[in-house]
Amino acid sequence: MTRSFDVATAPEHYGNHQLGIYAQGLKGQLPELPLRYEDMEARAREVLPPAAYWYVAGGAGETSMAANRSAFDRYRLLPRMLTDVSQRDLGRTVLGKRQVSPLMIAPLGVQEIIHDQAELGVARAAAAVDVPMILSTVSSFALEDVRKELGTTSGWYQLYWPNDDALATSLVQRAEKAGYEAIVVTLDTKMLAWRERDLDGAYLPFLKGQGLANYTSDPVFCAGLEKPPQDDMRAVVKHWSDVFAAPARTWDDLARLRDATKLPIVLKGVLHPEDAIKAREAGMDGVIVSNHGGRQVEGSIAAIDALAGVVDAVGARMDVLFDSGIRRGADVLKAIALGADAVLIGRPFAWGLACAGQAGVEEVLRRLLADIDLTLALTGNDSLDGLSRVSLAP
Ligand SMILES: Cc1cc2nc3c(=O)[nH]c(=O)nc-3n(C[C@H](O)[C@H](O)[C@H](O)COP(=O)(O)O)c2cc1C
Ligand SMILES: CCCCC(=O)C(=O)O
């Protein structure tokens, strides 16, 4: 007797996406997008202008970016057999709210260089799969417009903390009013790193006025201009580069930001356990262990190698999230086993966006969820909450 996969009657699990792909194969249809991360990146490289491709793919030098990946290989999962994995739950509780999975969309600036749909397409994909999205300050669409596309799916707003407190307060309060549920303050970008790939092409999209929608839609920012933003883009770029960052800021400044919003605040770019403790002492609600995808400090520790130290320092008292180098389901399981509450993905969804807009991002998310689900089951676990360092080889 021959049997074909009947996806409709299979139990509801993210892993069923795999059956869907095989079922299409029986009808002679192959996946439109390459399956492997590396092949998807290669496809994106074919469709993007070289400067845009390198803006996304590049790092600050490239050893930390490579280390983000190779360090994952040193952590190995230790599967257990003959446990009941017929019902599985990928849910995680982050900032007190249950999410359907540990995945979140990392803040990636200036997505118009990747696809015309940019953050609007990403938000629609996030909503379709119910994966929370973190929107960058340097986005190509204004934060209010992106929030609408998310519908009931959670959105967080990432703040590049400007040197003008009134502008910082305005951005944060706009985010709060628009329905974002948390503020992510990125600490590791007080200035842009020495990025060889971008310097090679003398390419920085912000200087052409790209990625500045949150500024040109902001009353405090616009009050610093002589003319309306659309009438003098050079003045917009000049004002933006004057206010974008504040190299003088220290931990003491967080108190003012804390007072500016009722939303939880999460600090992104923490690698040292003592910085995580300082975050906690400053009344922050969480940290994201990240080296910015290897784009800021060339030679820095691989992000996954920094995770356990931060979890041990503050994990019992605040949420610890992780990004930099997540490519496959196993990477997600390893980060969770080391103590992460949730994980962010950056470049993987960017390549999906480059190849096929919203549909590409959606497909990347569904595939990653399937991979997480299947890997979880095959390691003998029915819930991500059951993972711990015991799930890793000693
Ligand atoms: C093209 C690009 C733009 C980025 N823009 C931002 C940004 O605006 N704000 C921010 O906090 N992080 C930004 N990041 C860093 C990501 O949020 C995230 O930390 C990183 O991409 C994770 O590593 P991964 O790409 O290996 O998944 C950017 C990363 C890339 C690749
Ligand atoms: C000036 C903001 C840079 C955006 C960013 O964070 C990145 O390209 O990594």
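Colleague: Does Asp385 count as buried, partly exposed or exposed, and at what relative accessibility?

Modeller: Please note that this is a predicted model. Buried means under 20% relative accessible area and exposed means over 50%, with partly exposed in between. The relative accessibility of Asp385 is 43%, so Asp385 counts as partly exposed.

Colleague: With which residue does Asp385 form a salt bridge?

Modeller: In this salt bridge, the closest N and O atoms are 3.1 Å apart. A salt bridge requires a distance within 4 Å. The partner of Asp385 is Arg98.

Colleague: How many residues apart in sequence are the parts that this pair ties together?

Modeller: Asp385 lies in the segment after α16 (347–378). Arg98 belongs to strand β2 (residues 97–99), so the pair ties together parts whose separation in sequence is 287 residues.

Colleague: Which secondary-structure element holds both Glu363 and Arg367?

Modeller: The side chains of Glu363 and Arg367 meet in a salt bridge, at 2.7 Å from N to O. Glu363 is buried at 18% relative accessibility, and Arg367 is buried at 12%. The two residues are 4 residues apart, about one turn of the helix, and both lie in helix α16.

Colleague: What share of the accessible area of ligand 1 does the protein cover?

Modeller: A polar side-chain atom of Ser136 lies 2.7 Å from an oxygen atom of ligand 1, and an N or O atom in the side chain of Thr186 is 2.7 Å from an oxygen atom of ligand 1. A polar backbone atom of Gly325 is 2.9 Å from an oxygen atom of this ligand. On its own, ligand 1 has 610 Å² of accessible area, of which the protein covers 98%.

Colleague: How many charged residues does the shell around ligand 1 have?

Modeller: There are 23 residues surrounding ligand 1, and Asp323 and Arg327 are among the closest. By class, the shell has 8 nonpolar and 10 polar residues, and the number of charged residues is 5.

Colleague: What share of the accessible area of ligand 2 does the protein cover?

Modeller: The residues surrounding ligand 2 include Phe206, Phe244 and His292. Polar side-chain atoms lie 2.4 Å from an oxygen atom of ligand 2 in the case of Tyr55 and 2.5 Å in the case of Tyr160. An N or O atom in the side chain of Arg195 is 2.9 Å from an oxygen atom of ligand 2. Of the 290 Å² of accessible area that ligand 2 has on its own, the protein covers 93%.

Technical notes. Residues numbered from 1 in each chain as written. Chains lettered and ligands numbered in written order. Predicted model: local features only at pLDDT ≥ 70, side-chain atom pairs only at ≥ 80, totals over all residues. Heavy atoms only, no water. Near = heavy atom within 4 Å. Polar contact = N/O pair within 3.5 Å; in protein donor to acceptor, adjacent residues only side chain to side chain. Areas by Shrake-Rupley, 256 points an atom, 1.4 Å probe, with all protein chains shown as cover. Nonpolar A, V, L, I, M, F, W, Y, C, P; charged D, E, K, R; others polar. Buried < 20%, exposed > 50% of the residue type's maximum accessible area, 1.4 Å probe, protein only.
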